[in-house]
Number of protein chains: 2
Amino acid sequence: MANDTNTVRIGLLGCGNVGGALIPLIEQQSDVIEARTGIRLEVTRVAVRNVARDRGVTLADGVLTRDAMAVVTDPDIDLVIEVIGGIEPARELITAALRAGKPVVTGNKELLANVGHELFAIADEAGVDLLFEAAVAGGIPLIRPLRESLRGEPVTRVMGILNGTTNFILTKMTEEGAEYATALAEAQELGYAERDPTADVEGYDAGAKAAIIASIAYGSRVVAGDVYHEGISAITAADIGVASRLGYVVKLLGIVEQDPETGAVAVRVHPAMVPKHHPLASVRESFNAVFVEGDAVGQLMFYGRGAGGAPTASAVLGDVIDAAVNLSKGTHATLGSFGRATIMGIDETSAEYLISLDVSDEPGVLHAVTGAFADNGVSIRAAEQEGIGPDARLVFITHTAREADVQATVRSLRDLDAVLKVGGFIRVIGS
Amino acid sequence: MANDTNTVRIGLLGCGNVGGALIPLIEQQSDVIEARTGIRLEVTRVAVRNVARDRGVTLADGVLTRDAMAVVTDPDIDLVIEVIGGIEPARELITAALRAGKPVVTGNKELLANVGHELFAIADEAGVDLLFEAAVAGGIPLIRPLRESLRGEPVTRVMGILNGTTNFILTKMTEEGAEYATALAEAQELGYAERDPTADVEGYDAGAKAAIIASIAYGSRVVAGDVYHEGISAITAADIGVASRLGYVVKLLGIVEQDPETGAVAVRVHPAMVPKHHPLASVRESFNAVFVEGDAVGQLMFYGRGAGGAPTASAVLGDVIDAAVNLSKGTHATLGSFGRATIMGIDETSAEYLISLDVSDEPGVLHAVTGAFADNGVSIRAAEQEGIGPDARLVFITHTAREADVQATVRSLRDLDAVLKVGGFIRVIGS
């Protein structure tokens with residue numbers, strides 16, 4: 001530890017949105033933190049790409065540097081915060097810090113969802129903390145409850161609204177009847193969506209977070225590449241209208257499940273119809289929420305801001321205090337070893353499904369269509385016809401069925417002459 | 001620690017709902033826990049009042065005993081779980097365990113809300129864990145996030161639906177238009193409410209939990225006696241109807257706030273009108289939820305089962321694993337010293353208020369009534385008249401006002417000849 005046992009000297013790597021919110025937060029809360037823990041946090045060095053840029057924070061002379069590795073290896077630095085993002089050089093910097101016996105706090109989901117297990121092993125070997133509350137669901141305390149409070153809980157499923165951009169877009173589509181393109185444009189104007197929105201709208205951002213949740217919830221290694229993705233760009237206002245009429249809202253969910261028999265883990269991100277009374281249904285705008293189901297605990301939900309400088313800085317600060325207290329006690333959190341998870345593909349998962357079909361208006365259509373379901377062993381829970389004549393549309397909700405069987409059903413339906421188009425295909429969750 | 005460093009031998013005090021769910025849960029999860037932590041949990045001794053009673057759990061011969069103190073002092077016991085409830089003998093038993101260097105896990109809200117500070121001091125002096133996640137909001141991980149994740153967060157307010165019985169009753173009144181007595185009778189039939197429902201419906205149970213939350217959130221000692229209480233027994237279906245028409249639902253909230261200037265803490269439990277879009281509004285049936293507001297993190301909510309054997313056992317188990325891991329590492333969580341909080345009385349708190357008045361139908365009534373508000377410096381945000389003639393009713397919602405001024409307004413209103421009755425008086429929260 002430091003020469004002054006009450007001061008923990010922080011090296012901050014990156015000073016954008018999160019770093020820029022963290023520095024004043026530490027300053028403001030420093031007396032409270034000292035009163036509660038006996039530790040004084042000091043942001044001693046800050047590594048940035050552009051030293052000249054104005055960040056709206058006041059730093060003493062010589063604190064800013066362009067040399068991130070020099071911060072990590074500086075013997076005057078006790079603890080390292082990484083908020084640069086991306087895989088390199090973050091991976092190299094964190095590895096060096098851990099190997100030097102310095103605890104690391106990071107909010108880097110991309111890094112953790114790809115090479116987290118490698119960093120966990122280095123941290124455990126070095127006997128120091130690697131904490132990452134900020135990497136999943138921003139300011140929401142989720143990783144710590146999952147890793148500690150629920151360590152003994154038989155967690156059966158975790159479902160999360162893990163991406164604020166897509167939740168904002170879906171909220172606009174639901175509450176204002178907007179089409180996808182309009183809602184996306186509004187999100188881009190407000191700064192909720194990037195100019196290239198792919199990572200958000202196609203579910204890659206949510207997928208990285210789901211992989212991290214799966215690893216923590218089931219203590220086994222799941223990486224970003226294991227995650228099945230479907231985004232929201234194909235969802236129409238009409239789909240949302242049908243869902244609403246049937247008592248559902250459409251949300252983009254990251255879903256993590258474990259097969260109780262085999263221990264295999266399924267991780268997927270896709271739009272889902274959630275019943276209006278379900279707690280996830282009332283998560284609006286750019287908020288995130290994570291819904292946990294366990295045999296003993298029943299249902300839990302964690303709700304809050306999944307992004308933004310200040311909420312993310314709050315999560316980072318919680319980890320920093322924890323690591324600093326551990327450092328002063330000479331202890332650290334044990335991550336445990338993460339064996340590779342057996343991954344269960346999307347085909348083996350089950351859900352209810354909404355399938356809507358544009359059909360030609362002729363005798364025997366319903367008979368042919370229901371035959372396609374029956375032939376593939378998919379049982380229908382509800383069916384209704386919308387419109388008449390050439391605009392006739394059939395909407396089905398299945399009972400719980402295997403994805404593979406439902407996909408086979410869709411193929412059979414496409415082969416029918418009477419089926420003009422297989423429209424909305426949305427999984428139904430949480431009934 | 002134990003003679004076998006991988007086994008932690010548990011002494012369980014009490015084997016009712018929670019204990020009876022905990023024993024099979026530990027058994028079921030014991031391999032997973034060992035794989036993740038290297039620790040084997042063993043329920044070695046169980047103290048109960050009636051050894052002969054069938055609990056539906058299988059225990060080896062000699063595990064059950066009537067002598068709780070013998071369990072605590074048994075050198076073969078490494079860790080003590082207290083799920084007896086009440087102040088004595090729980091206090092004496094926990095004190096003895098801590099003084100013997102044994103970590104204690106408890107779910108005893110009454111004990112902690114009254115003499116928690118005393119036990120915290122004993123635990124810190126002995127250098128062992130005293131953990132109590134199960135004491136507030138049952139299975140919901142709340143204490144750990146508040147105490148660890150949010151240790152650096154400037155928490156401005158915590159509002160919770162902390163009592164499942166009253167939330168069940170209010171849900172029935174809201175969704176089915178039931179009167180209070182009918183909804184209470186249904187809750188009693190379903191086992192959600194006790195035969196004597198006072199502790200729940202008058203807010204004492206929620207108050208004890210609010211005192212514990214205040215102590216943890218602000219690091220200062222707040223006891224049950226500091227809490228202002230109003231229950232739900234005076235709430236009518238008509239009040240709920242008015243609230244609903246105005247866009248609100250009525251919830252019994254425990255509210256904890258700190259004055260940012262003076263540091264004084266206000267803790268109160270009372271019915272409140274919550275806007276329908278607020279996350280707390282969608283918490284139905286017997287579920288609990290705690291809504292946390294902080295300057296950096298923004299809004300957070302933690303949702304789940306606030307009571308019941310299995311959810312509470314899940315929270316106890318999380319603490320047990322944590323304490324067992326700490327024990328094996330020779331470390332423990334530091335609670336810190338809890339100086340006595342300066343308590344801010346209800347008079348000094350602020351809110352918006354709904355006030356409804358039965359008035360006589362005569363000229364000048366509205367003028368007289370609004371004068372009572374103006375004289376006491378309370379500004380009106382909305383006013384409307386319901387009904388006409390002898391059944392005329394005036395409903396006001398104020399702007400944010402001090403409780404003392406609003407209470408003075410109510411006294412002035414009662415003195416007016418034209419006011420027949422001051423009916424609904426409900427605080428409005430979270431607009």
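# Two chains and the surface they share

About 4100 Å² of area is buried between chain B and chain A, and carbon and sulfur atoms give 53% of it. Within the area that chain B buries against chain A, B:Arg36, B:Arg151 and B:Tyr303 supply 18%, more than any other three residues. Please keep in mind as you look around that this is a predicted model. The points below start with the pairing of the chains, then turn to the fold of chain A and a few local details.

**How the two copies are related**

**What the contact is made of**

- Chain B brings 53 residues to the contact, and chain A brings 53 residues as well.
- Between chain B and chain A there are 4 salt bridges.
- One salt bridge to look for joins A:Arg151 and B:Asp322, whose closest N and O atoms are 3.6 Å apart.
- Polar contacts also run between chain B and chain A, with a count of 15 residue pairs, both partners being at pLDDT 80 or more.
- Several elements of chain B give two or more residues to the side that touches chain A: helices H1 (17-37), H5 (143-149), H9 (204-218) and H11 (309-329), together with strands E12 (287-294) and E13 (298-305).
- Which element of chain B gives the most to that side? H11(B) does, with 9 residues.
- Sorted by class, the side of chain B that touches chain A holds 25 nonpolar, 16 polar and 12 charged residues.

**The domains of chain A**

- Chain A is divided into domain 1 (7-139 + 309-337), domain 2 (150-305) and domain 3 (349-428).
- As the numbering shows, domain 1 is written as two stretches, 7-139 and 309-337.
- The C-alpha centres of domain 1 and domain 3 of chain A lie 52 Å apart.

**Salt bridges, and one inside chain A**

- Side chains of opposite charge can pair when their charged atoms come close.
- Over all chains, the salt bridges come to 56.
- A:Asp322 and A:Arg144 form a salt bridge, their closest N and O atoms being 2.6 Å apart.

**A closer look at A:Thr44**

- You will find A:Thr44 in strand E2 (residues 40-47) of chain A.
- The side chain of A:Thr44 is in polar contact with the side chain of A:Glu42, at 2.9 Å.
- Leaving out residues up to four places away in sequence, A:Thr44 touches A:Arg9, A:Ile10, A:Val63 and A:Ile77.

**Backbone details worth a visit**

- Most residues other than glycine have a negative phi, and most peptide bonds are trans.
- In chain A, the peptide bond from A:Glu88 to A:Pro89 is cis, with omega near 5°.
- A:Pro89 sits in the loop between strand E4 (79-82) and helix H3 (90-99) of chain A.
- In chain B, B:Glu88 and B:Pro89 are joined by a cis peptide bond, with omega about 5°.
- B:Pro89 is placed in the loop between strand E4 (79-82) and helix H3 (90-99) of chain B.
- Is phi of A:Ala137 positive or negative? Its phi is positive, near 60°, in a residue other than glycine.
- A:Ala137 is found in the loop between strand E6 (130-131) and H5 of chain A.

Definitions and conventions
Residues are numbered from 1 along each chain as its sequence is written. Chains are lettered from A and ligands numbered from 1 in the order in which they are written. This is a predicted model: local features need pLDDT of at least 70, side-chain atom pairs count only at pLDDT 80 or more; totals for chains, interfaces and linings use all residues. Side-chain values use heavy atoms; hydrogens and water are left out. Domain bounds come from an automatic or database domain assignment. Contact means heavy atoms within 4.5 Å. Buried area is the accessible area (1.4 Å probe) that two parts lose on being put together, summed over both. A salt bridge is a side-chain nitrogen of Lys or Arg within 4 Å of a carboxyl oxygen of Asp or Glu. A polar contact is a pair of N or O atoms within 3.5 Å; within protein, one must be able to donate a hydrogen and the other to accept it, and residues adjacent in sequence count only if both atoms are side-chain atoms. Helices (H or I, at least four residues) and strands (E, at least two) are DSSP runs, numbered from the N terminus. Ala, Val, Leu, Ile, Met, Phe, Trp, Tyr, Cys and Pro count as nonpolar, Asp, Glu, Lys and Arg as charged, and the others, Gly among them, as polar.
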